[in-house]
Amino acid sequence: MANGDLELVKLTKRYGNVTAVDAIDLRVPAGTYCCFLGPSGCGKSSTLRMIAGHESVSSGDIVLNPNNITDLAPARRGTAMMFQSYALFPHLNVIDNIAFSLKMKGEAKAVRHASARKVMELVDLLAYETRMPAQLSGGQQQRVALARALVTNPGILLLDEPLSALDPFLRLRVRTELKRLQRELGISFLHVTHGQDEAMALADLVVIMKDGRIEQAGSPQDVFHRPATAFVARFMGGHNVLTLEGQPVTVRADRVRLGAGDGAARTLKGEVRGVEYGGATVTLVIAAGALGEITAVVPEEHFNAHPAALGETQALHWARSDEYALRAA
């Protein structure tokens with residue numbers, strides 16, 4: 001098992017005249033849960049597939065512990081990939097689906113089944129080993145696909161949008177399972193998603209991509225509290241991106257309050273364009289002239305103390321210390 005640091009060096013992928021991944025540099029320490037996050041077409045899945053060996057590299061290098069694996073066949077890299085479609089064999093039962101790669105390596109049935117049962121125990125599948133894929137729920141099929149990737153004892157597990165086909169309740173449950181598994185196994189998980197909440201909940205390292213480049217990489221806390229650019233702030237959500245005195249800044253929506261502030265605060269007025277009740281919080285959208293629309297997420301009791309109705313003029317404020325300067329575009 002090649003369990004070590006992963007390093008991408010000027011990694012590039014071109015499809016004809018289109019550059020999907022543009023000379024990115026990244027280091028993922030061993031044992032890290034890393035989420036690649038970004039909109040469709042930003043290069044995150046192409047990056048994952050190059051690491052897996054399912055896409056050729058146009059230029060640059062992939063280094064793992066400390067071998068250069070750029071040109072190795074997928075089976076020789078020490079990585080395993082769980083595909084979004086699961087791709088289970090409909091004619092094989094659960095245990096044989098999981099053990100299939102070991103069969104291809106020539107391992108005896110008793111040996112491969114013993115290995116399969118170890119990972120089946122990890123993902124709570126022992127009770128289903130004789131079932132066929134058609135007899136399983138979507139969540140169970142996903143766990144079979146996960147176990148099939150883990151049975152090869154990889155140093156890095158690669159997951160391409162593994163939760164996208166699940167309903168919200170099951171997505172939360174499987175998210176918890178993935179985090180637990182990664183901690184127990186002690187290997188790196190590289191997980192592609194377009195869901196900000198998914199990345200924030202799972203990752204030790206969040207890599208935000210845009211147009212084939214890495215816009216920012218850091219801990220979830222760093223990326224959320226200290227976004228590098230307006231793109232990151234908007235994509236992560238919960239931020240107002242404004243230009244104040246010629247400087248692009250972000251102010252978190254949960255730091256904006258209704259009513260006029262004191263002398264240390266920045267106070268504005270605008271027309272209430274939206275009021276959305278969310279239970280514990282209320283979200284307001286206020287059009288503040290040249291600054292554009294500002295979103296405020298306030299506790300319900302704060303809203304009740306400063307009620308606002310659509311169309312009325314409402315003051316709002318935030319502490320100037322909550323303004324975070326962004327890198328200019």
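**Notebook: a sheet and some rings**

I started at L8 and found that its bridge partner is I62, in strand 4. This is a predicted model, where local features need pLDDT of at least 70, side-chain atom pairs count only at pLDDT 80 or more, and totals for chains, interfaces and linings use all residues. Residues are numbered from 1 along each chain as its sequence is written, and side-chain values use heavy atoms, without hydrogens and water.

Next I looked up the strands (DSSP runs of E, at least two residues; helices are H or I, at least four; both numbered from the N terminus). Strand 1 (residues 6-15) pairs with strand 4 (residues 59-64) in the antiparallel sense, over five bridges. Pairing takes at least two DSSP bridges between two strands.

I then read the order of the open four-stranded sheet as 2-1-4-5, with antiparallel pairing. Strand 2 (18-28) and strand 5 (67-68) are at the edges with a single partner strand each, so one side of each has no neighbour in the sheet.

On to the rings: I found three aromatic pairs. Rings of Phe, Tyr and Trp (its six-membered ring) pair with centres within 6.5 Å; planes under 30 degrees apart are stacked, over 60 edge-to-face, the rest tilted. F89 and F100 have ring centres 4.5 Å apart and planes at 50 degrees, so I logged the pair as tilted. F89 sits in the loop between strand 6 (79-82) and helix 2 (94-98), while F100 is in helix 3 (residues 100-104).

I also checked F231 and F235: centres 5.8 Å apart and planes at 20 degrees, so this pair is stacked. Both lie in helix 9 (residues 230-236), four residues apart, about one turn of the helix.
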